[in-house]
Amino acid sequence: MTTSNPIQIILNENKTNTPLINIDIIKSPMKYEILELLRHDEMNFEEIVENTNKSKASISMHLRDLRKEGIVNYKADPTDNRKKIFYLNSDYLGSIDSEKTKILKKNQTHLLIDEFIEKGEIDYIILLTHTFKSLLMEFGMDISPVMQKIGNYIGEYLYNQLKDENIDVFTKNISQYWLKNNLGQLTFKMDKHIEVTCIDCFESKDIQKTGKPSCYLEKGMLEKLFNLYFDFDLSIEEIMCYSMGDEKCVYHLQP
C-alpha cells in the first residue's frame, strides 16, 4: 500500500483528561497504513507486520503510540493467549490524499452540481448538504466556510433560473423557489442595504441554540444570487438566527 503524505481523520472519544469529542489528524504514513488495515478488520501483530512489510520494531513503536492516544486497543487472542489482536478503538471520519487533491480540477464541483441541475435535483443537493452539516455538528465539527462555498455554487446555478431585470420580479422568484422547496418564507427590504428575512429557515429552525448564526448554506446562496444580479461583490452578514434564539433569520447585504 503506497500513499504520499496521507492524512487520516479519526474521532477519538477515548483519550483521558480531555473533552468527550477529540479529532485526531494522523499524518504519519506508517500509522495511516496500520489504521487502514484495522479499519477493515481486526488483526494480530504478526498479520499487521506481514501486511505492511515493515519491521516488527517499527510496527511495535507505532502501535504503542496509537494505543497511548486511545485510537487503537488490543485484546487477547482466544486461540493463543500469547498473541494480541489489535482493533480500531475510535470512529473513522475520513482521509485526505494530498497527491490526489492536487490532481482535482476546480470545476469538478461545478460539474457535479451541473449533473443535479440537469436532473432537476438541485433541491436534493441542498437537502443532502444540510443533512451532512447536521451530522458533522453532532461531532462538534464546524464546516461553515465549506457550507458557504457550496451555497455560492448553488446560488450561481439558481441565478440562471431565477434572474430577471426587474429587482421586484427577481426577489419574487427567489421567494417562490424557497417556498416551493420548503426552504423557508423569504421577504426582502431594499434600503441603504438589502435586508432578507427568512421565516421557518430550513437550515436552523430545528437545530439547538448555540448563540451563534448557523445558516451558512443559505447565506452563500443569497450572497451569490445578489452578487450576480448587481455584478459586483456584496458583503453578507446574518444578524439574527434561530440558533441565536431569534424567531427568524435576517441577513444584511451591502457593498
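Trainee: How many bridges join β9 to strand β10?

Mentor: Heads-up: this is a predicted model, where local features need pLDDT of at least 70, side-chain atom pairs count only at pLDDT 80 or more, and totals for chains, interfaces and linings use all residues. Residues are numbered from 1 along each chain as its sequence is written, and side-chain values use heavy atoms, leaving out hydrogens and water. Strands are DSSP runs of E, at least two residues, numbered from the N terminus, and two of them pair if DSSP finds at least two bridges between them. β9 and β10 (residues 249-254) run antiparallel, and the bridge count is 5.

Trainee: What is the strand order of the open sheet?

Mentor: There are 4 strands, with antiparallel pairing.

Trainee: What angle lies between the planes of Tyr177 and Trp178?

Mentor: Rings of Phe, Tyr and Trp (its six-membered ring) pair if their centres lie within 6.5 Å; planes under 30 degrees apart are stacked, over 60 edge-to-face, the rest tilted. Tyr177 and Trp178 are 6.2 Å apart, centre to centre, and edge-to-face. The angle is 65°.

Trainee: Is Trp178 buried or exposed?

Mentor: Buried means under 20% relative accessible area, exposed over 50%, partly exposed in between (1.4 Å probe, protein chains only). Trp178 has 0% relative accessibility, so the label is buried.
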